[in-house]
Amino acid sequence: MTSIHYYDMNDIIDHVAGFMGAKVMKHLAGGKDMDEFSYPTAKACRELLKNKGYSERQIANAFYYLKKRKYIKLRRDTLGQTSLALTLFGAMRYLKKFPLAAQDKKLPEGTKSIIIISMPETMRSLRDFLRHKLLRENFTHPAKGLYITEFRLCPHMAQFTEILGLKEYLTWGEFKQSQ
């Protein structure tokens, strides 16, 4: 019985993180800044989960779990509505599913995609998350902070760095090896 509840909780968490993450990605894809983002309301999120077939109790438990694990923050706006904000840990949970390199789009011979990471020790959890994600996606790690792959980087790389706040710590691109 406990294992069923556990899997249901993970499903609910994935639905909430997916709902909020998709809204953020859509906002950033439109070329807008995160400061202009209007956070989804708790009511809209509850409606989404109700439509997916979850009970009020399951939804309440999921919100409690998400707040306790610091995946979301609740915010009150000027109209008194409660909105949900995805925290750094929530964004990391959502972004686990997004590949950084398109495994089906191999670059021409002699061309590689490169990612350079230079993050301070204060951002250790984010740095470790990124390091493990890159290694899971078969990036090679020839030097400290340097990751290389023979596949093209995904177009949502810019949104990925914006959501996690990595613009000043992450550099990426493609390079051609000299003969």
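In this predicted model, helix α2 (residues 42-51) and helix α3 (residues 56-68) approach each other with their axes within 10 Å, crossing at roughly 130 degrees. That angle makes α2 oblique to α3, since an angle counts as roughly antiparallel only when it is over 145 degrees. The crossing of α2 past α3 is right-handed. On the α2 side, the contact is built from A42, C45, R46, L49 and K50, and these meet E56, I59, A60 and F63 of α3. By residue type, this contact has six nonpolar members, no polar ones and three charged ones.

The axes of helix α4 (residues 88-95) and helix α5 (residues 124-136) come within 11 Å and cross at roughly 5 degrees, which makes α4 roughly parallel to α5. Here L88, F89, M92 and L95 of α4 touch S125, L126, F129 and K133 of α5. The residues of this contact comprise six nonpolar, one polar and one charged.

Another salt bridge brings the side chains of K106 and E150 together, at 3.4 Å from N to O. K106 belongs to strand β3 (residues 101-106), whereas E150 sits in the loop between β6 (146-149) and β7 (151-153), so this pair ties together parts that are 44 residues apart in sequence. With a relative accessibility of 55%, K106 counts as exposed; E150, at 33%, counts as partly exposed. In total, the structure holds 10 salt bridges.

Helix α6 (residues 157-164) is largely enclosed by the rest of the structure, because seven of its eight residues are buried. The buried residues are M157, Q159, F160, T161, E162, I163 and L164. Just after α6 comes G165, where phi is positive, at about 70 degrees.

The protein chain contains six helices and eight strands, which follow the pattern α-α-α-β-β-α-β-β-α-β-β-β-α-β along the sequence. Its C-alpha atoms fill a box of roughly 65 × 40 × 30 Å along the principal axes. Of the 179 residues of the chain, 40% count as buried. Among contacts with a separation of 6 or more, 68% come from residues 24 or more positions apart.

Conventions
Residues are numbered from 1 along each chain as its sequence is written. This is a predicted model: local features need pLDDT of at least 70, side-chain atom pairs count only at pLDDT 80 or more; totals for chains, interfaces and linings use all residues. Side-chain values use heavy atoms; hydrogens and water are left out. Buried means under 20% relative accessible area, exposed over 50%, partly exposed in between (1.4 Å probe, protein chains only). Helices (H or I, at least four residues) and strands (E, at least two) are DSSP runs, numbered from the N terminus. A salt bridge is a side-chain nitrogen of Lys or Arg within 4 Å of a carboxyl oxygen of Asp or Glu. Axes are lines fitted to C-alpha atoms, for helices over the stretch in contact, and angles run from 0 to 180 degrees between N-to-C directions. Angles under 35 degrees count as roughly parallel, over 145 as roughly antiparallel, 65 to 115 as roughly perpendicular and the rest as oblique. Contact means heavy atoms within 4.5 Å. Ala, Val, Leu, Ile, Met, Phe, Trp, Tyr, Cys and Pro count as nonpolar, Asp, Glu, Lys and Arg as charged, and the others, Gly among them, as polar. A crossing is left-handed if the near helix is turned anticlockwise from the far one by less than a right angle, and right-handed if clockwise.
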